Amino acid sequence: MKNFTFYNPTRLVFGKGSIARLGREIPASVSRIMVTFGGGSVRRNGVYEQVIEALKGRDVVEFWGIEPNPAVETLRKAVALGKEKGVDFLLAVGGGSVIDGTKLIAAGLKSERDLWDLVLSRRVTDTVPMGTVLTLPATGSEMNNGAVISRTETHEKLDFHCSYPVFSILDPEVTFSLPARQVACGLADTFVHIMEQYMTTPRQSRIMDEWAEGLLRTVIEIAPKIQADPKNYDLMADFMLSATMGLNGFITMGVTEDWVTHMIGHEITALNGITHGATLAMVLPGTLRVLREQKGDKLLQYGERVWGIRDGSREERIDRAIEKTEGFFRALGLSTRLGEEHVGEETIAEIERRFNERGYALGEAGNVTGAVARKILECCK
């Protein structure tokens with residue numbers, strides 16, 4: 001196990017009716033709160049009314065319109081409004097995109113630099129405090145310090161790190177009205193987050209392996225049940241908490257990480273506008289196939305412990321583990337091939353160029369360059 005320092009200060013407030021606790025979670029010393037929203041689904045599912053009721057008597061400014069894959073161009077407007085109104089606390093109400101965008105707003109309110117310069121700096125520590133009300137489980141952004149921001153004018157999508165939310169409120173009931181495709185993409189995102197921290201170097205930590213495998217088995221078990229019964233509180237509670245636990249740092253202590261699939265997926269989204277979770281379903285099987293030799297021992301462990309694959313030769317078991325993974329995404333109703341989403345050679349060439357231009361050497365072995373990214377994408381055609 002590698003040396004590590006673990007820190008996660010986010011307070012989780014979980015359960016039915018927990019939005020009503022907002023007033024107690026935001027310090028009384030806060031003078032003005034900016035509440036950030038996406039496109040308006042919270043008005044239709046009752047979350048907006050719950051939030052406003054919980055903040056009754058507080059000085060509130062609303063900012064609407066943070067889009068999926070939050071655009072820096074939109075977030076600049078939020079920062080300008082926040083500075084004009086003297087905002088000293090932020091509350092993100094939405095899914096990972098709203099939360100990610102609000103993290104950049106929190107950094108921008110404390111800086112005179114352009115927001116994209118902050119993203120390019122990759123890490124910002126001086127931010128306005130923020131909390132979240134999660135409405136779409138997927139990214140884990142409600143309990144980590146990462147964010148992914150898009151720049152529309154250049155078709156870029158990059159990650160950066162800043163401060164953790166002070167608190168996050170998770171009420172599984174708010175997920176009952178989510179469209180089936182959003183749930184499917186959220187399940188895929190959760191699954192791949194776990195895989196990016198697990199499917200790396202074998203025999204690093206029994207604890208991290210068992211924890212990650214338990215989360216993977218949970219997601220696999222609940223996915224078809226959620227499709228059949230999307231308003232089941234206990235199922236959606238497991239989904240919501242799995243998404244949070246999948247990327248809050250708990251399963252990556254002392255182990256190597258990958259993130260190749262995510263970095264390729266981000267580029268597909270930036271260039272083609274495909275939902276993030278859907279890009280991961282297309283890329284992960286290809287990543288496993290191209291890197292099967294270096295990931296072979298872990299693939300065998302994954303196949304046995306997660307999918308129950310114990311018979312056959314080494315190569316046959318690895319093949320079946322990858323096939324099971326692709327089948328899981330298929331069962332969610334997601335595409336697993338680039339051609340199904342009309343992603344072609346132009347995108348592959350541009351991703352290879354960007355990887356090379358940025359000097360990427362990704363993965364647990366640091367060996368995924370632009371050329372390897374191309375091989376992965378060609379394997380996903």
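This is a predicted model: local features need pLDDT of at least 70, side-chain atom pairs count only at pLDDT 80 or more; totals for chains, interfaces and linings use all residues.
In which crossing, left-handed or right-handed, does α7 pass α8?

Residues are numbered from 1 along each chain as its sequence is written, and side-chain values use heavy atoms, without hydrogens and water.

**View 1. Helices α7 and α8 cross at roughly 165 degrees.**
α7 spans residues 180-198 and α8 residues 206-228. Helices are DSSP runs (H or I, at least four residues), numbered from the N terminus. The two axes, lines fitted to C-alpha atoms over the stretch in contact, come within 10 Å. The helices are therefore roughly antiparallel (angle over 145 degrees). α7 passes α8 in a left-handed crossing, meaning the near helix is turned anticlockwise from the far one by less than a right angle. Contact (heavy atoms within 4.5 Å) involves residues including Leu-187 and Phe-191 of α7 and Leu-216 and Val-219 of α8.

**View 2. Helix α5 is mostly covered.**
α5 has 13 residues, 96-108. Its C-alpha span is 18 Å, close to the 18 Å expected at 1.5 Å a residue. Twelve of the 13 residues are buried, with under 20% relative accessible area (1.4 Å probe, protein chains only). Among them are Val-98, Asp-100 and Lys-103.

**View 3. Helices α4 and α5 cross at roughly 45 degrees.**
α4 covers residues 72-85, and its axis comes within 9 Å of that of α5. Residues in contact include Leu-75 and Val-79 of α4 and Leu-104 and Gly-108 of α5.

How values were computed. Axes are lines fitted to C-alpha atoms, for helices over the stretch in contact, and angles run from 0 to 180 degrees between N-to-C directions. Helices (H or I, at least four residues) and strands (E, at least two) are DSSP runs, numbered from the N terminus. Angles under 35 degrees count as roughly parallel, over 145 as roughly antiparallel, 65 to 115 as roughly perpendicular and the rest as oblique. The expected span of a helix is 1.5 Å times one less than its number of residues. Buried means under 20% relative accessible area, exposed over 50%, partly exposed in between (1.4 Å probe, protein chains only).
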